[in-house]
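Me: I would like to learn how to read this model feature by feature. Where should we begin?

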Amino acid sequence: MPPTVKPKTRLQLSDLLDWMEAEGISRDGIAEAVRRPSDNEDNEVVLEENVPSYEVLASRNQPRVSGKICIEVKVRDSEATEKWPLDAFVDEDGCFTDETVCQWVNNWNDKAAKFPDNKRVCLMCSRRAKKGFTICGHCSNKGLNDIIYG
């Protein structure tokens with residue numbers, strides 16, 4: 001029996017207007033607050049703190065260090081290129097932090113699904129990947145399946 005999925009509750013406009021009325025918030029006050037910036041805020045440009053200080057270099061062959069696939073990265077402060085493991089581009093939530101690396105992994109996953117009979121090495125170690133996948137059974141059991149295919 002397939003699992004039941006609860007429908008997501010959506011906030012209706014009428015519910016929002018009722019809440020605003022109960023809180024004493026007028027529609028005109030919200031519209032004016034959205035148009036006009038607050039007086040106590042600085043009008044300086046705020047730079048994002050998590051702007052990457054590196055540039056991912058594209059290459060056809062991705063090097064491996066101790067079995068893990070690595071991405072060649074050029075740090076913006078220096079001219080040298082470094083090899084960062086795929087784990088370095090994953091945050092604590094299990095999501096990729098770099099769009100380019102995420103697209104590469106998705107492309108590798110698509111190719112593995114399209115050509116399942118090709119022999120591949122796991123992206124996260126040096127073991128043989130499962131047929132039609134890009135990671136091995138050991139890494140899949142460790143929970144890396146959610147990161148790579150999430």
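Reply: Begin with the elements: helices (H or I, at least four residues) and strands (E, at least two) are DSSP runs, numbered from the N terminus. By that rule, Thr-134 lies in the loop between α3 and α4. This is a predicted model: local features need pLDDT of at least 70, side-chain atom pairs count only at pLDDT 80 or more, and totals for chains, interfaces and linings use all residues. Residues are numbered from 1 along each chain as its sequence is written, and side-chain values use heavy atoms, with hydrogens and water left out.

Me: How many helices and strands does the protein have, and in what order do the elements run?

Reply: There are four helices and four strands. From the N terminus, the order is α-α-β-β-β-β-α-α.

Me: Is Thr-134 buried or exposed?

Reply: Buried means under 20% relative accessible area, exposed over 50%, and partly exposed in between (1.4 Å probe, protein chains only). Thr-134 has a relative accessible area of 3%, so it is buried.

Me: What does the side chain of Thr-134 make a polar contact with?

Reply: A polar contact is a pair of N or O atoms within 3.5 Å; within protein, one must be able to donate a hydrogen and the other to accept it, and residues adjacent in sequence count only if both atoms are side-chain atoms. Here the partner is the side chain of Asn-109, at 2.7 Å. Asn-109 is itself one of the buried residues of α3.

Me: How do I read the faces of a helix such as α3?

Reply: An α-helix has 3.6 residues a turn, so residues three or four places apart point the same way. In α3, Val-101, Trp-104, Val-105, Asn-109 and Ala-112 are buried. Seen down the axis of α3, they fall within an arc of 135 degrees (taken from the directions from the helix axis to the C-beta atoms), so they line one face. Glu-99, Asp-110, Ala-113 and Lys-114 are exposed on the other side.

Me: What do the buried residues of α3 pack against?

Reply: Contact means heavy atoms within 4.5 Å. The buried residues of α3 pack against β1 (54–56), β3 and α4 (137–149).

Me: What span should helix α3 have?

Reply: The expected span is 1.5 Å times one less than the number of residues. For the 16 residues of α3 (residues 99–114) that gives 22 Å, and the end C-alpha atoms are 22 Å apart, which agrees. At the start of α3, a side-chain oxygen of Asp-98 comes within 3.1 Å of the backbone nitrogen of Thr-100.

Me: Which residues does Ile-135 touch?

Reply: Ile-135 is also found in the loop between α3 and α4. At 1% relative accessibility, Ile-135 counts as buried. Leaving out residues up to four places away in sequence, the residues it touches include Cys-122, Met-124, Leu-144 and Ile-148. Ile-135 and Leu-123 are 12 residues apart in sequence, yet 5.7 Å apart in space, C-alpha to C-alpha.

Me: In what sense do β3 and β4 pair?

Reply: Two strands pair if DSSP finds at least two bridges between them. β3 and β4 (residues 81–85) pair in the antiparallel sense over five bridges. They form a hairpin with five residues between them. Trp-84 in β4 is the bridge partner of Ile-71.

Me: Where is Ser-66, and what is its phi?

Reply: Ser-66 is in the loop between β2 (64–65) and β3 (68–75). Its phi is near 50 degrees, a positive value in a residue other than glycine. At 70% relative accessibility, Ser-66 counts as exposed.
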